[in-house]
Amino acid sequence: MAGRGPGDSARGCSQDNTCRGERNYSCSSSSDLYSSLGLKDFDFLGDTSVAEEDTDSAILYGTLRGSIVGLRYYTGIVNNNEMVALQREPNNPYDKNAVRVNNVNGDQVGHIKKELAAALAGIMDNKLAVVEGIVPYGAKNSFTMPVELSFWGREENKEAVLDQLKRHGFKLAPSLKGSEYGFGSRWISGRAGPSYSAPVHAAVPLTTEQLKGEFDKLFEDLKEDDKTCEMEAAEAIGTLLLPHQKLALGWMVSRENTNDLPPFWEERSNFYYNTLTNYAEKKRPKNVLGGILADDMGLGKTLTTIALILTNFRDGKPLPVEKITSDKFYEEPAANSTNSVGRGLCKDSSNVMEPGVSNVKKFRTTALKYPSCLPKRDKAKKPRHLGNSDLEESEEWLLQPTETTSCVNQEDPGFVSVPLPSSGCLKRQRKRKGTASVQSVEKKYSDDGPRATLIVCPLSVLSNWIDQFEQHIHRDFDVKIYVYYGSDRSKDPSVLSEQDIVLTTYNILATDYGIRGDSPLHKVKWLRIVLDEGHTIRNPNAQQTKAALSLEGHRRWVLTGTPIQNSVKDLWSLISFLKLKPFTDREWWHRTIQRPVTMGAPGGLGRLQSLIRSITLRRSKASQVKGTPILHLPERKVLIQYVTLTEEERQIYQSVKNEGKATISRFFSEGNVLAHYADVLGVLLRLRQICCHPHLCINTSASFSNDNRTPEELHVRLVSKMKLVLSSGSDEECAVCLESLTLPVITHCAHVFCKPCIFEVLRNEQPNAKCPLCRNELQVEHLVECPLEEEVDSSSGKKPDGEWISSSKINALMHALIELRRDNPAAKCLVVSQFTTFLSLIENPLKESGFAFTRLDGSMAQKKRVEAIRCFQSNQAGSATIMLLSLKAGGVGLNLTAASRVFLMDPAWNPAAEDQCFDRCHRLGQKHNVVITKFIVKDSVEENILKIQNKKRELAAGAFATKKPSASDVKQNKINEIKALIDL
DNA sequence: ACCGCCGGGTGCC
DNA sequence: ACCGCCGGGTGCC
């Protein structure tokens, strides 16, 4: 067991007293406000207020010499200069003030002498300060030993702490100048005489930007580092790896098979010694057999990971999977499939059929109808380095498909339904039982060690993983993959443990874990655990983080393109997941890495760097391998196509604009623009919609005045306000933390913040909290949460009925599409808009002109999305050439490389959102130059949005150099944006 | 001696 | 603990 520091026990308490999941916004008086905050899912709020969480603003109050007593009763031993942890023991039967002392490993060393403990108890219990200890000398003593205590906390608590100590007859000495006291390396022993040098108020704290910069520099060094060499993937990988992927594979395999000591450990005279904490033990500390693959998006982390799974089972030997060496014919379909249809049809085992299953992916019947087509379908797709390609040529397909009709899709007889693994619980079984056809490789599951690799990913990339399995695992290999998702997922751990790969999502992981003792995922000892988009667990208090941390398996990997989002803090969960001693305990992470880095202590950053260096690999798109760029993406061009409105459209536009401008001018003259933010956004939204199509803005003219009636009405209004604000795309960042929104909530005054941020404001400004943006009254019961994962579109849900009418913009689009089809019939394009209703309108002319199109928006269920993506990415004749795409649909990892043209129908407020969308087709795998056309209505709000985009781009480019804008900057900026947008 | 002093027993919180 | 503290044994020089 890892050691428990004081923080652990504190957290433990607050959680135990918390009924999580209670979500009750009934009115609460301000006195019980905070307890009610704690009662929601914010059990960490209590912690953020204390110094321990808040190391960024913690200062050192001073130090004090005390003694640890009762050594002889406990087994925990320490070295001179070793860090120790103090832990309150309020239930100690002899003294309720007891403070126990643990060594780095969590073994009890002794207690703080009672007189001192009496002084510390209050300080620790009220979280006025964090108290840390180092044993300067006397480690060999048998009864008592000295301990140097340091006190850390917020400036405003300093007096209270000094008072409390004084009451018990103690006085803090200033910390020694020049020593690295508290940063854990050397304690300069000797009497801490009264030296009156100024207290070290830390060096220069680093800003987030500086840290990011330092991090990039750190990774720079890694690029040309030739510590690993390229490695070929096992033959079961049907895709040739690119050089940088082979390099990553080599690195990952070497990480998994390493025998090295973990970072900051040395062998010293039969002991293993931690150089950060000075802790030593006889047992050799385990290194992570894994690490962080932090390559940029699009470099192939997924493929590399699949290669790792198949290439390194044990000691660099490939995963023993069944391989078909001679193919006679197919006898029986997958064992547990309810297959009555695919018999004989499914040479391609991935297409095991389950009639009646509603979640289906589609394949052109042409691909399946005549079995001999199957190998072709493969060959066109992927390069092979397999020696047995001749085998495929000789494959004989003796059986004809039977009963195919029952799996023909009703809506489109051209498609055959095949079960989609991502939904329901079901597996892509590559099982091929043919008596004479399968060469059994070794024993399969009877090995004593674990076999299965668990992959956890966000739901949005689940289908990407499945696609990549399909694409990259050679079809001649029987890799058992189980998608653990959906209500019918197996509760039987042994079903999971006999797979080669189990794929699941963070939500499933967390949900299962929440049901105590009933998580099959937590009963399996995994060969390997992979967290994709690993930064999703950066909040240490989130259920999914806890669930991920308690998975069992020695090889542990984190895949992420953004290892650091906001601060070094983000790294803790990842490092903790990797089970690197002693960082699994947050106290040691804090004391040895996080605080030294954020306070700019000498060597702090260096420490972090050597830690990161030893466990991560990161390449950017611009990185080079042996002098050549790892990625050479085709060119990407952005064109702006101006559109002129018709007379009629212009009239509508002008009248709405004049009215809106008058309203907004009034707000300006009254000086309360931000208080009417929702109304302002409403006006702008309508203008943006008219630019696309005048029909879009019917029904959205609801006023947002606050003369509210019933609470229910108010709530409905707030929800619609928030949808408006979020769909406006203007509030990509929270004005409190100035980062992108996490868990957005909307205030009564229609301003959107991160939930934790605004709750912090509430707590600090009790009882008269004001909105940080407009100083309106802030009440917790008026905060409304964003409906999760739901596509926000203020105009969604209404289907324009009757005859449809075109618009200038649609005309411009259709003109371009038809021209494109004439010049290059095979070209595929994305038609992107922020308004799903607009996409619906566009469907009309597409049908009229006979385009084969598909659609992807946020309201679609996962299975529908997968279908849409497959249909679009397919290179079959007759597949969709156009995809109607809502700007924010899907997550990172969405792969739409079939498209070489993008038509952006309306500009987004935030250019990053556009860029992210473009990246979905302009990424690894794109063969053509990509041309992006942005339609912009002349003399309209859209032109102004372009200006704002440019401003934002400049700002982003200089973000590392300049200081963070203040909240008032953000405010002013918003006002300026409004002015610019409405021509004021 | 309702003291001092001696020396053995003892020992965290 | 090569300490302090406790409490019993003891008692001029």
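**Aromatic rings and their surroundings**

A: The secondary structure of chain A consists of 29 helices and 32 strands, where helices (H or I, at least four residues) and strands (E, at least two) are DSSP runs numbered from the N terminus. Residues are numbered from 1 along each chain as its sequence is written, while chains are lettered from A and ligands numbered from 1 in the order in which they are written. This is a predicted model, in which local features need pLDDT of at least 70, side-chain atom pairs count only at pLDDT 80 or more, and totals for chains, interfaces and linings use all residues, with side-chain values taken from heavy atoms and with hydrogens and water left out.

Of the 984 residues of chain A, 57% count as buried, a term that stands for under 20% relative accessible area, with exposed over 50% and partly exposed in between (1.4 Å probe, protein chains only).

For the rings themselves, those of Phe, Tyr and Trp (its six-membered ring) pair if their centres lie within 6.5 Å, and planes under 30 degrees apart count as stacked, over 60 as edge-to-face and the rest as tilted. Searching the whole structure gives seven aromatic pairs. One of them joins Y73 and Y74 edge-to-face, at 6.4 Å centre to centre and with 70° between the planes. Y73 counts as exposed because its relative accessibility is 60%, whereas Y74, at 29%, counts as partly exposed. Another pair, W465 with F469, is tilted, with 5.9 Å centre to centre and 45° between the planes. These two residues, W465 and F469, both lie in helix α12 (residues 459–472), four residues apart, about one turn of the helix, and both are buried. Elsewhere, F264, F583 and W589 form one aromatic cluster.

The helix that holds W465 and F469 also contains L459, which is partly exposed because its relative accessible area is 28%. L459 touches Y485, T505 and Q862, leaving aside residues up to four places away in sequence, where a contact means heavy atoms within 4.5 Å. Its C-alpha atom is 7.6 Å from that of Y506, a residue 47 places apart from L459 along the chain.

Charged side chains also meet rings here, and a charge sits over a ring if NZ of Lys or CZ of Arg is within 6 Å of the ring centre and within 35 degrees of the ring normal. R586 lies over the face of W572, 5.0 Å from the ring centre, and K938 lies over the face of Y642, at 4.2 Å from the ring centre.

Of the atoms of DNA strand B within 4 Å of the protein, 48% belong to sugar or phosphate and the rest to bases. A polar side-chain atom of Y73 lies 2.2 Å from a phosphate oxygen of DNA strand B.

How values were computed: A residue is near a molecule or strand if one of its heavy atoms lies within 4 Å of it. A polar contact is a pair of N or O atoms within 3.5 Å; within protein, one must be able to donate a hydrogen and the other to accept it, and residues adjacent in sequence count only if both atoms are side-chain atoms.
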